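I wanted to look into the inside of this protein model and write down what I found there, one entry at a time. Here is the structure I worked from.

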Amino acid sequence: MWQVSARSLCRASSRGWQRRLPCSSPAPAAPQPRCTTRTPGTASAHRLSSMAPSVRLSPAARSLFDEPLAIAVQGLGPRQQVTLRTSLWDETGELFQACARYQAGDNGELDLTRCPALPGGSFSGLEPMGLLWALQPQKPFWYMVKKDVQSPFLLQLEVFEGHGEPPGRLLAQAQHERAFLRDGVRRIPVREGRIRATLFLPPGEDSFPGIIDIHGLGGGLFEHRASLLANHGFATLALAYYQYKDLPRQPSELHLEYFEEAVAYMLQYPQVKGPGVGLLGYSKGADLCLAMAAFLKNITAVASLNGPVAITTIPLCYKDKTIPALPINEQQIKAIDSHILDTSEGCIDPFQAPGNQSLIPLEKAEAQLLFIVGQDDHVIKSEYYATEVCKLLQAQGKENFQILSYPGTGHCIDPPFFPLYPVGKHPIFHKRAFLGGELRAYSKAQVHAWSQIQAFFKKHLNYN
């Protein structure tokens, strides 16, 4: 991972990535690593081997979607070979699955925190959460949909005998709920003035630092990120801005006054701490957040997820000023495999176009800025944009920025354990587009970026 701040430039080592292997791939004949560790206080190998196999999860029945889940199997035979498979159906009924091959320890126990997955499954190596981050849709190019955050996803885990394909005899199974709302978190639909949104408040009657979460193009209201942030102590407003309820379906321009109204709503809410709010934006939502920081008051901190630093797609108006959308050069859009687009070179370079008016004047922003970018983003050149705008800020004596840059990570950066989404439908060209990303590298980036987002807002908002 690259980390760039106003004061230093450093490069931290990153772990390598590995492509997903289908469960049907034959395992190489290389020597298989053995899992020989034993949990203190567990039964003897003879006793365990005579027990019926069972799955042990921690937490046992329910956990938050962005939290780790400890997985173990007990009651297997000494060094018994098994295949573990996870299955999850999203709200549209589409199936996501991952599988991995393991060998139990000498005591007949399989603990994923100590036992590496063998080659031949969705992943290999010591990856305790691999059966979650390696989930992939059975329908190609499908994004895991989560609209109703009040209901959990149901995760099914199965243990099969051997490493065959198809799997052998079912030995054990368990179900587990992956929830988006901690007990006590309140979900409040907002229809205040022009604002169409959902507010999530942490448990209790205290006041909390406020964050506005704005999604990218495609329209509608996305609540999964805001709901998870509320679990961590932030009053979070998931804000729609078109194609939702009575908002415009296909706006020809956006008005910054709408977003200014959302800031005012948050700051007047009794359980939102001032004096300012944080903004979290993804893709198009990120350029809106950066524009808010440049033109509006009471913006304290902004986290941009693979966002451009210029206004894109839809012009933005504020008072008597209109910022035009960055022009698109369709001649620069590439086709991969003749039908999947690579649009990373599609917009003109806002730093090389003389007199370009689309570039957001971030030198006016007083907020702290965190740019989170994927080095394998094939939608926009997010790393380039972040680097160049921070050079401009530094040249003007500004020190209010930081860049986190992740290798093997594409355009879509969701909270931890959402499946990799490397190809999706482009909302402008209405064709499949390559978003980028590699499975293992992306899973590491998700976890690290999510923790850094929380740490960033805790540091710069009135968290304590």
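Entry one, the model. Before anything else I noted that this is a predicted model, and I kept that in mind for each entry that follows.

How many cavities of 30 Å³ or more does the count come to? I found five cavities of 30 Å³ or more, and the largest cavity holds about 70 Å³ of space. When I looked up its lining, I wrote down D213, H215, G216, G219, G220, L221, F222, A238, L239, A240, Y241 and Y242. Sorted by type, the lining of this cavity comes to seven nonpolar residues, four polar ones and one charged one.

I then turned to the largest pocket, where about 1300 Å³ of space lies. The pocket has 50 lining residues, and those nearest its centre are L217, G218, K425, H426 and P427. Its lining divides into 26 nonpolar, 17 polar and seven charged residues.

Which residues of the largest nonpolar core touch the most other members? The core has 136 residues, and I listed L84, L237, L239, F371 and F457 as the ones that do. L239 had already come up in my notes, as part of the lining of the largest cavity.

I located F371 in strand β23, which covers residues 368-374. Is F371 buried or exposed? Its relative accessible area is 2%, and because buried means under 20%, F371 counts as buried. Leaving out residues up to four places away in sequence, F371 touches L290, S304, V309, L362, A386, V389, C390, F401, Q402, I403 and L404. I also looked up A286, which is 85 residues from F371 along the chain, and found their C-alpha atoms separated by 9.4 Å.

My last stop was R440, which has its place in helix α7, residues 439-460. The relative accessible area of R440 is 8%, so this residue is buried too, being under the 20% limit. Where does the side chain of R440 make a polar contact? I traced it to the side chain of E127, at 2.4 Å.

Definitions and conventions: Residues numbered from 1 in each chain as written. Predicted model: local features only at pLDDT ≥ 70, side-chain atom pairs only at ≥ 80, totals over all residues. Heavy atoms only, no water. Helix = DSSP H or I, 4+ residues; strand = E, 2+ residues; numbered from the N terminus. Buried < 20%, exposed > 50% of the residue type's maximum accessible area, 1.4 Å probe, protein only. Polar contact = N/O pair within 3.5 Å; in protein donor to acceptor, adjacent residues only side chain to side chain. 1 Å grid on protein atoms, 1.4 Å probe; cavity = no way out; pocket = protein on both sides within 12 Å on 5 of 7 lines; lining within 4 Å. Points joined across faces, edges and corners; volume = space filled by probe spheres on them. Nonpolar A, V, L, I, M, F, W, Y, C, P; charged D, E, K, R; others polar. Core = buried A, V, L, I, M, F, W, Y, C linked by side-chain atoms within 4.5 Å. Contact = heavy atoms within 4.5 Å.
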